[in-house]
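Reader: I have this one open in the viewer and would like to go through some local geometry. Can we take it piece by piece?
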Protein chains: 2
Amino acid sequence: MSYVHPYQDAEFVLRHIVGFDALCTDAGLDEVNTDLAVAILDEAGKMGTEVLAPLNRVGDANPAKLGGSGVEQSPGFKEAYSQFAEAGWLSLTVREEFGGQNLPNVLGTAVNEIWQSANLAYGLCPLLSQGAMESIAHHASAALQQAYLPKMATGEWTGTMNLTEPDAGSDLAAVKTRAIAEGDHYRISGQKIFITWGDHQMTPNIVHLVLARLPDAPAGVKGISLFIVPKFMLDENGEPGERNAVQCLSLEHKLGIHGSPTCVMEFDQAVGYLVGEANKGLSYMFTMMNHARQSVGLQGLAIAERAYQQARQYAKERLQGTRRDGSRIPIIQHPDVRRMLLTMKACIEAMRALAFTASAEIDRARYAQDATQKALHAARVELLTPIVKGWLTEMSQELTSLGIQVHGGMGYVEETGAAQHYRDARILTIYEGTTGIQALDFIGRKTLADQGAALLALLQEMDQVADELREITYPDQHVCKGFENALGMGVEAREWVLSHAADDAHFAGSASVNFLMLFGYLCGGWLLVSGALQAKAMLDTGAGDTDFLQAKLLSARFYCEHVLPRTGACLAALKAGSSSIMAMSEDQF
Amino acid sequence: MSYVHPYQDAEFVLRHIVGFDALCTDAGLDEVNTDLAVAILDEAGKMGTEVLAPLNRVGDANPAKLGGSGVEQSPGFKEAYSQFAEAGWLSLTVREEFGGQNLPNVLGTAVNEIWQSANLAYGLCPLLSQGAMESIAHHASAALQQAYLPKMATGEWTGTMNLTEPDAGSDLAAVKTRAIAEGDHYRISGQKIFITWGDHQMTPNIVHLVLARLPDAPAGVKGISLFIVPKFMLDENGEPGERNAVQCLSLEHKLGIHGSPTCVMEFDQAVGYLVGEANKGLSYMFTMMNHARQSVGLQGLAIAERAYQQARQYAKERLQGTRRDGSRIPIIQHPDVRRMLLTMKACIEAMRALAFTASAEIDRARYAQDATQKALHAARVELLTPIVKGWLTEMSQELTSLGIQVHGGMGYVEETGAAQHYRDARILTIYEGTTGIQALDFIGRKTLADQGAALLALLQEMDQVADELREITYPDQHVCKGFENALGMGVEAREWVLSHAADDAHFAGSASVNFLMLFGYLCGGWLLVSGALQAKAMLDTGAGDTDFLQAKLLSARFYCEHVLPRTGACLAALKAGSSSIMAMSEDQF
């Protein structure tokens with residue numbers, strides 16, 4: 001099934017929900033605006049549809065393999081990567097000094113959606129490169145930046161992130177990889193696992209970012225440093241020279257994303273260069289963590305969109321049931337099939353609105369002139385990031401599953417393609433921090449740590465939308481009541497968490513995922529309702545595409561009716577606290 | 001990961017929730033009781049653990065293949081099947097006149113859980129044989145019964161169900177396979193798809209039950225007849241003789257259950273024998289549909305139990321995080337991991353209680369002496385069957401997904417095995433009627449058709465449990481309030497459906513899945529709370545295993561806190577009715 005970028009919704013979100021034009025003006029990016037963004041998305045859409053999407057099933061059926069000289073990527077991926085890099089897609093948001101185009105982060109996000117929808121396994125490669133560039137741009141010395149960033153921005157080299165070890169997954173304090181100083185560089189030794197695109201033959205070099213421990217480092221997370229370890233060391237011209245002592249030992253045999261090699265990497269006295277200061281590696285990872293986690297959340301949106309497009313087409317073509325006149329009925333006319341498709345459509349629109357909104361906050365924090373504004377936007381980034389990562393990826397499980405369900409028995413047959421989306425999506429709630437880790441971050445560092453201040457500010461913004469609904473006498477009471485109820489749940493949840501976490505060490509961990517999911521649903525509702533208000537205003541003045549705008553009203557309504565009530569179940573569960581969760585002994589499980 | 005049957009919970013459900021001893025006494029099966037059941041389950045558990053479970057991954061990694069002389073099953077399956085058949089496991093519930101042991105259906109269900117947990121792909125073969133035997137035993141002539149049933153009861157031959165065709169999936173009215181009379185038999189021609197265990201080399205014969213149309217048959221479902229089509233026609237001694245004109249053309253390449261061959265079957269003038277009367281095939285299928293649908297629901301329980309056992313073991317062994325004394329923490333001590341495991345455990349116990357209860361109603365309907373009682377139990381079977389099929393299989397998606405999530409990154413690696421359960425489970429909401437079909441059955445034939453009478457009777461029984469909670473001043477208010485709230489949702493949902501379906505042709509289809517899921521959650525709560533009342537009574541008198549019984553109280557509490565509140569979300573969604581669902585045009589999707 002082919003993929004076509006849903007440009008109309010992306011444009012709507014950028015223009016009317018994110019306020020992209022104002023964002024660019026405020027940032028002093030005078031030549032950038034929504035019209036330019038749409039033109040760029042149009043080009044990216046072609047690349048996605050024509051080059052990357054056709055390779056999606058190819059990668060699934062022909063996984064990357066480990067050969068004599070390293071990992072051999074799936075057929076066609078190298079050629080696609082070359083076209084992709086030559087078109088400049090890797091440098092979109094990179095600063096001009098490193099050869100980039102310095103476009104806003106949110107535009108990069110909108111474009112990334114396309115790569116991840118078209119081919120999630122492939123899309124991980126540029127996604128990881130972006131993360132690596134981010135870390136280097138923020139923390140490495142000018143010399144390292146000049147040596148590595150321009151080649152990464154053109155896509156000539158790719159980047160990887162090497163964090164996980166067999167005993168250090170969610171718990172990075174347990175990292176054991178060692179780094180020993182030797183002149184101007186270090187020797188890195190250890191084994192890393194689950195390294196995405198850790199090796200391949202698509203580019204002449206690969207830039208590994210590696211967490212390791214110096215001999216005199218303090219124990220735990222305060223003793224982790226970050227190193228650049230190139231696959232090939234650079235010669236005097238800055239070109240790949242001698243092979244470094246890093247290699248892929250084996251590849252994982254995974255449920256999905258077969259086109260993305262997941263490597264066990266062995267560093268055996270490999271030459272590495274310290275990024276920034278010693279023992280600050282984890283905080284450097286966190287710098288780019290917001291970016292990486294939002295990107296994985298975006299993958300949840302992207303794979304759900306792909307699954308939706310496929311299910312929608314099938315539902316329009318597949319006939320089951322017969323009318324009185326003998327003609328057969330496309331299943332999209334059956335109410336329960338519509339319910340499934342609408343769940344997909346409405347949630348996807350909510351997810352897109354949230355992903356773009358959170359991403360735009362990164363731009364606003366960067367470009368804000370005023371320190372207070374900067375701090376507010378930075379706090380919003382921190383607050384929304386675990387929701388984007390946690391909620392969007394959890395939703396992608398449900399939505400890709402509905403994608404199979406719409407197909408009936410054909411959905412279970414691999415050649416149909418619906419099952420691949422379901423398998424590919426399953427990693428998203430796990431990597432870059434599981435949902436449990438996101439939820440702990442959200443309830444702990446993002447809520448309890450500031451006594452709920454950032455969350456209160458968000459709830460107040462939502463309350464303005466609720467006010468607006470009342471003021472304009474929004475015609476649909478399902479929307480008004482549904483949103484108001486859910487907002488009340490959010491307010492109550494925040495207060496409950498603030499007042500119960502101090503007395504009970506297990507409360508936060510017990511309530512965290514329900515707390516995160518509640519705010520995921522609510523944020524989605526907030527932005528869909530905001531969009532519906534915009535769409536209604538446009539319909540009232542006769543502006544825009546009537547069919548599209550009315551569909552926005554219907555999505556918002558369906559979401560308020562069918563999805564927002566889940567906030568009540570989340571609230572009840574989080575209020576149950578920790579006592580039943582902690583009461584059972586290990587043997588009683 | 002090995003599998004061990006959770007005999008203690010199975011015994012608890014049989015003895016204290018189903019009331020197996022009383023059931024057997026009422027049925028006049030004086031030699032059968034819970035002690036005997038436990039002894040049988042113990043034997044079955046050994047077969048499951050030692051013979052079937054070790055082949056689970058073998059079948060996944062080595063799918064059935066189509067060779068020159070038909071389908072070749074996965075390695076080891078034939079030997080396992082022989083042991084299984086020789087031990088008499090196929091004849092457990094078959095009547096004595098056909099060589100069976102005539103044990104209660106619910107005991108067959110308890111035993112079937114073991115096969116389906118141990119090896120879902122394998123377990124489909126006896127499951128289909130049971131369904132075929134059921135149809136033959138109820139509807140075929142004495143001559144056909146004598147010719148086929150004894151050999152099927154010993155497991156010497158297997159049985160299949162041939163319903164689906166490329167254009168006839170959920171909509172069996174569209175069946176096109178033709179049957180033309182020829183002397184004492186018929187000639188069957190047509191293609192059937194998605195035929196589970198349609199061919200294999202495990203037995204010298206296979207008995208296909210096939211839906212087909214006679215030349216003069218009325219259009220639609222009233223023109224479908226049921227035929228027996230043996231793979232090998234029987235010779236004068238009743239042994240397999242000449243090869244019949246039925247063969248497997250190809251196998252599906254599926255997401256899961258790789259060990260179960262899913263066949264495209266070609267019937268080319270194959271010799272067939274009419275079962276019962278012409279044109280009544282669909283009603284004959286429905287006779288065994290309750291059995292088959294409950295069995296698929298049971299598969300949902302079984303695969304969730306298997307996934308739970310694996311996740312639990314991993315959570316006890318995997319260390320992440322460090323205590324102040326430097327020792328590392330098994331992840332089962334982290335609250336969110338406990339939350340996931342408890343969700344699995346509590347839901348599985350609810351699912352088991354519901355599966356056994358519904359299955360026991362088949363026995364009660366069969367053995368009831370009094371016509372009123374018989375009718376009541378028969379109505380309860382009809383009512384609970386779509387809930388068992390729909391809700392248990394939907395839950396199995398969530399629970400096998402949690403099984404992966406508990407494993408973190410290792411869950412995504414195929415060798416771990418968690419992913420196989422997730423893939424295997426995904427068919428369960430589709431085959432034997434999708435969740436949408438179950439929900440239409442539940443809201444239509446099972447609720448609206450009798451003006452909600454059967455459902456009211458069920459709600460009244462639940463209300464007795466709520467009364468009992470109040471009367472004994474049950475110590476846990478979370479249980480009392482949680483169950484009472486959910487019961488209120490059920491009462492309101494029933495009334496809403498009865499009062500809104502008549503005015504709106506699309507209401508039932510729009511509300512159906514939420515209606516079914518609400519009652520699934522509620523039935524699970526009803527039976528867990530009933531069990532908790534029993535457990536509390538036993539604890540009060542000091543009877544039984546204290547650890548186990550206290551765990552039952554905790555499961556019930558967790559379920560009331562964390563799972564039952566979802567009924568509110570279901571109710572809100574069903575009350576939204578059809579207007580947003582039907583409003584969007586096809587082009588607006």
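Author: What follows is a short walk through some packing, backbone and annotation details. Keep in mind that this is a predicted model.

Reader: Fine. Which residues touch the most other members of the largest nonpolar core?
Author: A:W391, A:F483, B:W391 and B:F483 do, in a core of 376 residues. In general, nonpolar side chains of soluble globular proteins tend to be buried together.

Reader: What does B:W391 touch?
Author: Leaving out residues up to four places away in sequence, B:W391 is in contact with B:A350, B:M351, B:L354, B:P386, B:L516, B:M517, B:G520, B:Y521, B:G524 and B:Y559.

Reader: Switching to helices. At what angle do α3 and α6 of chain B pack?
Author: Helix α3(B), residues 34-52, and helix α6(B), residues 105-118, pack at about 15°, and their axes are 9 Å apart. Angles under 35 degrees count as roughly parallel, so α3(B) and α6(B) are roughly parallel to each other. The crossing of α3(B) past α6(B) is right-handed.

Reader: And which residues make that contact?
Author: From α3(B), B:A37, B:I40, B:L41, B:A44, B:G45, B:M47, B:G48 and B:L52; from α6(B), B:L107, B:A110, B:V111, B:I114, B:W115 and B:A118.

Reader: What about α1 of chain B, which residues are buried there?
Author: In α1(B), which spans residues 7-18, the buried ones are B:D9, B:A10, B:F12, B:V13, B:L14, B:I17 and B:V18. Their cover includes α2, α3, α6, α10, α16 and α17 of chain B. After α1(B) comes B:G19, with a positive phi near 70°.

Reader: That one is a glycine. Which phi does A:N279 have?
Author: A:N279 is not a glycine, yet its phi is positive, about 70°. Most residues other than glycine have a negative phi. A:N279 sits in the loop between β11 and α9 of chain A.

Reader: Where is B:I257, and what is its phi?
Author: B:I257 lies in the loop between β10 and β11 of chain B. Its phi is positive too, about 35°, and B:I257 is not a glycine either.

Reader: Last topic, annotation. What does UniProt say about residues 477-584 of chain A?
Author: An unreviewed UniProt entry annotates them as "domain: Acetyl-CoA dehydrogenase-like C-terminal". In the model, that span is 84% helix and 0% strand, and its end C-alpha atoms lie 44 Å apart.

Technical notes:
Residues are numbered from 1 along each chain as its sequence is written. Chains are lettered from A and ligands numbered from 1 in the order in which they are written. This is a predicted model: local features need pLDDT of at least 70, side-chain atom pairs count only at pLDDT 80 or more; totals for chains, interfaces and linings use all residues. Side-chain values use heavy atoms; hydrogens and water are left out. UniProt positions are given in the numbering used here, feature names are shortened, and annotations may be inferred rather than shown by experiment. Helices (H or I, at least four residues) and strands (E, at least two) are DSSP runs, numbered from the N terminus. A nonpolar core is a set of buried Ala, Val, Leu, Ile, Met, Phe, Trp, Tyr and Cys residues joined through side-chain atoms within 4.5 Å. Buried means under 20% relative accessible area, exposed over 50%, partly exposed in between (1.4 Å probe, protein chains only). Contact means heavy atoms within 4.5 Å. Axes are lines fitted to C-alpha atoms, for helices over the stretch in contact, and angles run from 0 to 180 degrees between N-to-C directions. Angles under 35 degrees count as roughly parallel, over 145 as roughly antiparallel, 65 to 115 as roughly perpendicular and the rest as oblique. A crossing is left-handed if the near helix is turned anticlockwise from the far one by less than a right angle, and right-handed if clockwise.
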